[in-house]
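Please look through the sequence and the model before reading on, and keep both at hand while working through the sections of this report.

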Amino acid sequence: MAQDNFSRVTEFILVGLSDTQELQLLFFTLFLLAYAMVLLGNLLIIVTVRTDPKLFSPMYFLLCNLSFIDICYTSVTIPRVLVALLSGHRAIAFEGCMAQLFFLHFVGSSEMFLLTVMAFDRYTAICRPLHYTAIMARGACWALVAACWVGGFTHSIVQTVLTLQLPFCGPNTIHSYFCDVPPVVRLACTDTALTEWLMASNSGLISLGCFLVLLASYVLILAKVRARLSQGSWKALSTCASHVMVVTLLFMPCIFTYLRPAGALPTNKYVCVIYTIFSPMMNPLIYTLRSSEVKESMWRLWKR
């Protein structure tokens, strides 16, 4: 039958995390608490950095942008999940699904690029302190952040166009709680082998490449501070260790999900919880509690 004779799917059904009423209530409570923590924690970081002149440095400028991205990233998926868990309405229009897919990859890949830039910032500050001011000038910081957003947009538009050109004519049940490339592509009424490999080489290689660059930067930092026994060096090493833990929680599930064709193995929707909810929730905790300057500024803001 010709592709033109297919009746195009107008909506998808999101299976969610569980069909059990008790578990749905539990997931609603956990997701709501996590979303509240993401919003409050990241908004507090943004307000603190923007109002304290002592935090007008490249590191905190990048941290402020990371907080904004985390708010956008979680807002793409969690509000709709909360509504579905509360109302039981799991249908999402085709256009809404494509929009969610686009913004998820747009903001998510921008965050990956930004975390790589933040690792470069830490490397420059620790390994090349005399050149730090010149390398990470204000204009350079703005250019790097803009490059992160442009890179995220380019990646996302490619993923979305590859998905939109597929015919969807039959199954419309997505075995996840949000619209993403792997579970959506599996529903296409055509051979998607080439498309799956193109998407895997796009999303998967971006995730793997950024993760390897991050690891390389932290290895260089470790090699630089290994011979130093000063308190400042040990503090830098401890901070890098906590950052590695957070980026690993973000990148490893993404690599597992995207660095393979969509039809190779079913995507574990519980693995997706790690990089869509847990990792954004941990970012403000790790990047704030490890910084005495931010904690002191927050205390001054509270007293004010």
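## About the model

This is a predicted model, in which local features need pLDDT of at least 70 and side-chain atom pairs count only at pLDDT 80 or more, while totals for chains, interfaces and linings use all residues. Residues are numbered from 1 along each chain as its sequence is written, and side-chain values use heavy atoms, with hydrogens and water left out.

## Annotated spans

The unreviewed UniProt entry places the feature "transmembrane region" at residues 25-47, 59-78, 98-120, 140-158, 204-225, 237-258 and 270-289; UniProt positions follow the numbering used here, feature names are shortened, and annotations may be inferred rather than shown by experiment.

Two of these spans can be compared with the model, where helices are DSSP runs (H or I, at least four residues) numbered from the N terminus. Residues 25-47 are 100% helix and 0% strand, with 33 Å between the end C-alpha atoms, and residues 59-78 are also 100% helix and 0% strand, with 28 Å between their end C-alpha atoms.

## Nonpolar cores

A nonpolar core is a set of buried Ala, Val, Leu, Ile, Met, Phe, Trp, Tyr and Cys residues joined through side-chain atoms within 4.5 Å, where buried means under 20% relative accessible area, exposed over 50% and partly exposed in between, with a 1.4 Å probe and protein chains only. The largest core has 65 residues, and Leu115 and Phe251 have the most contacts inside it. At least two residues each come from α1 (21-51), α2, α3 (94-127), α5 (138-164), α7 (193-225), α8 (231-258), α9 (269-289) and α10 (292-303), and α2 gives the most, with 14 residues.

Leaving aside residues up to four places away in sequence, Leu115 touches Leu66, Leu214, Val247, Leu250, Phe251 and Tyr287, a contact being heavy atoms within 4.5 Å.

On a 1 Å grid over the protein atoms alone, a cavity is a set of points where a 1.4 Å probe fits but cannot get out, whereas a pocket is an open set with protein on both sides within 12 Å along at least five of seven lines, and lining residues have an atom within 4 Å of a point. Grid points are joined across faces, edges and corners, and a volume is the space filled by probe spheres set on the points. By this rule there are 2 cavities of 30 Å³ or more.

The largest cavity holds about 160 Å³ of space. Of its 15 lining residues, His105, Gly108, Ser109, Met112 and Tyr258 are the closest to its centre, and α3 gives the most to the lining, with 6 residues. The second largest cavity holds about 60 Å³, and of its 11 lining residues the closest to the centre are Val181, Pro182, Met199, Ala200 and Arg260; here α7 gives the most, with 4 residues.

Arg300 lies in helix α10 and counts as partly exposed because its relative accessibility is 28%. Not counting residues up to four places away in sequence, Arg300 touches Asp52 and Lys54; the C-alpha atoms of Arg300 and Asp52 are separated by 9.1 Å, although the two residues are 248 residues apart along the chain.
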